[in-house]
Amino acid sequence: MSTILHIETSTDICSVAVSEDSQVIFQQEDHSGPNHAERLGTMVDEALSFTDNHAIPFDAVAVSCGPGSYTGLRIGVSMAKGICYGRNLKLIAVPTLELLCVPVLLRELAEDDALLCPMLDARRMEVYAGIFDRGLKTVREIRADVVTAETYAEYLDAHPVYFFGNGAKKCMETISHPNAHLIEGIEPLAKWMQPLAEKRLLNEQTEDVAYFVPYYLKDFVAKMPKKLL
């Protein structure tokens with residue numbers, strides 16, 4: 001199996017965890033933010049000290065790669081890349097919206113055909129959202145949505161859809177469909193990253209540490225001439 005350091009900074013919450021053989025053995029969360037620049041370094045140092053004191057070698061660092069807060073993602077990805085360089089570790093990118101689905105999937109959902117719609121707040125009636133089935137297969141890709149009554153109508157007409165994340169509550173009055181269900185209190189936390197990160201590591205879905213960027217820079221980097229990278 002594997003030991004992975006998990007870093008999550010996509011929202012105001014800053015969290016760090018360590019998993020070993022599919023079990024979370026260390027976790028810290030700071031909900032008083034946003035203060036990632038102040039807290040993340042200390043939390044990561046405590047996680048590294050914990051594993052070093054127990055002679056537990058790391059295999060990889062997993063980081064939430066967005067979408068989410070521009071500043072938070074930049075700080076989290078920079079920290080993850082620095083640790084990977086310093087300790088010669090693999091880098092795993094975990095999409096934030098997939099991460100949000102993990103605590104929901106641990107609950108008992110009555111409908112086998114239910115769809116999951118994690119949402120991260122942008123501004124006004126805008127959110128970053130994606131739609132997944134219960135196996136985390138992508139039903140609709142992640143994108144920025146201006147939410148209206150019709151935005152998710154084709155999915156709501158055919159399935160119960162569960163909306164959650166810090167952008168969901170503001171949308172529910174607008175969506176207003178009998179198949180629309182709100183789950184409150186779902187937050188992207190490092191302790192939920194373990195199953196997604198382990199699966200990616202097992203499938204050798206790791207990132208190039210030198211060139212990896214978070215979600216908000218992917219299109220920009222893709223358009224850059226290769227000689228500038």
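Reply: Start with the residues that touch. From helix α1 come His36, Ala37, Leu40, Gly41, Val44, Leu48 and Asp52. They meet Gly72, Ile75, Gly76, Met79, Ile83 and Arg87 of helix α2. Sorted by class, this contact of α1 with α2 holds seven nonpolar, four polar and two charged residues. Keep in mind that you are looking at a predicted model.

Now the geometry. Two packed helices are described by the angle between their axes and the distance between the axes. Helix α1 covers residues 36–53, and helix α2 covers residues 70–87. Their packing angle is about 30°, and the axes are 10 Å apart. Angles under 35 degrees count as roughly parallel, so α1 is roughly parallel to α2. The crossing of α1 and α2 is right-handed.

Next, look at the loops around these helices. Pro34 sits in the loop between β3 and α1. The peptide bond joining Gly33 and Pro34 is cis, with omega about 10°. Ala55 belongs to the loop between α1 and β4. Its phi is near 55°, a positive value in a residue other than glycine.

Now turn to the sheet that α1 lies on. Helix α1 lies across β1, β2 and β3, and runs at about 155° to β3. These strands belong to an open sheet of five, in the order β3-β2-β1-β4-β5. The pairing in this sheet is mixed. β3 and β5 (90–94) are the edge strands. Each has a single partner strand, so one side of each has no neighbour in the sheet. On average, neighbouring strands of this sheet are turned by 15° against each other, direction ignored.

Take two of its pairs. Strand β2 (residues 14–20) and strand β3 (residues 23–30) are antiparallel, paired over seven bridges. Within that pair, Cys14 stands opposite Asp30 in β3. β2 and β3 form a hairpin, with two residues between them. Asp21 is in the turn and has a positive phi of about 50°. The other pair is β1 with β4. Strand β1 (residues 3–8) and strand β4 (residues 60–64) run in the parallel sense, over four bridges. Here His6 stands opposite Ala62 in β4. In a regular strand the side chains alternate between the two faces of the sheet.

Helix α6 also meets this sheet. It spans residues 194–202 and lies across β1, β2, β4 and β5. Its direction is about 130° to β5.

α6 leads you onward, to helix α3. These two helices pack at an angle of about 125°, with their axes 9 Å apart. That makes α3 oblique to α6. Glu98, Leu99 and Val102 of α3 make the contact with Pro195, Leu196 and Arg200 of α6. By class, the contact of α3 with α6 has four nonpolar, no polar and two charged residues.

Follow α3 to a second sheet. Helix α3 (residues 96–105) lies across β6 (115–121), β7, β8 and β9 (161–164). It runs at about 125° to β6. The strands here form an open sheet of five, ordered β8-β7-β6-β9-β10, with mixed pairing. At the edges stand β8 (138–146) and β10 (180–182). Each has a single partner strand, so one side of each is left without a neighbour in the sheet. The twist averages 20° from one strand to the next. Strand β7 (residues 126–132) pairs with β8 in the antiparallel sense, over six bridges. In this pair, Glu126 stands opposite Val146 in β8.

The protein averages a pLDDT of 93, and 94% of the residues score at least 70. Residues 220–224 are another matter: there pLDDT stays under 50. For this stretch the model has three contacts beyond four places in sequence. Where pLDDT is low, the predicted coordinates should not be read in detail.

Note on methods
Residues are numbered from 1 along each chain as its sequence is written. This is a predicted model: local features need pLDDT of at least 70, side-chain atom pairs count only at pLDDT 80 or more; totals for chains, interfaces and linings use all residues. Side-chain values use heavy atoms; hydrogens and water are left out. Axes are lines fitted to C-alpha atoms, for helices over the stretch in contact, and angles run from 0 to 180 degrees between N-to-C directions. Angles under 35 degrees count as roughly parallel, over 145 as roughly antiparallel, 65 to 115 as roughly perpendicular and the rest as oblique. A crossing is left-handed if the near helix is turned anticlockwise from the far one by less than a right angle, and right-handed if clockwise. Contact means heavy atoms within 4.5 Å. Ala, Val, Leu, Ile, Met, Phe, Trp, Tyr, Cys and Pro count as nonpolar, Asp, Glu, Lys and Arg as charged, and the others, Gly among them, as polar. Two strands pair if DSSP finds at least two bridges between them. pLDDT is the predictor's confidence in each residue, from 0 to 100.
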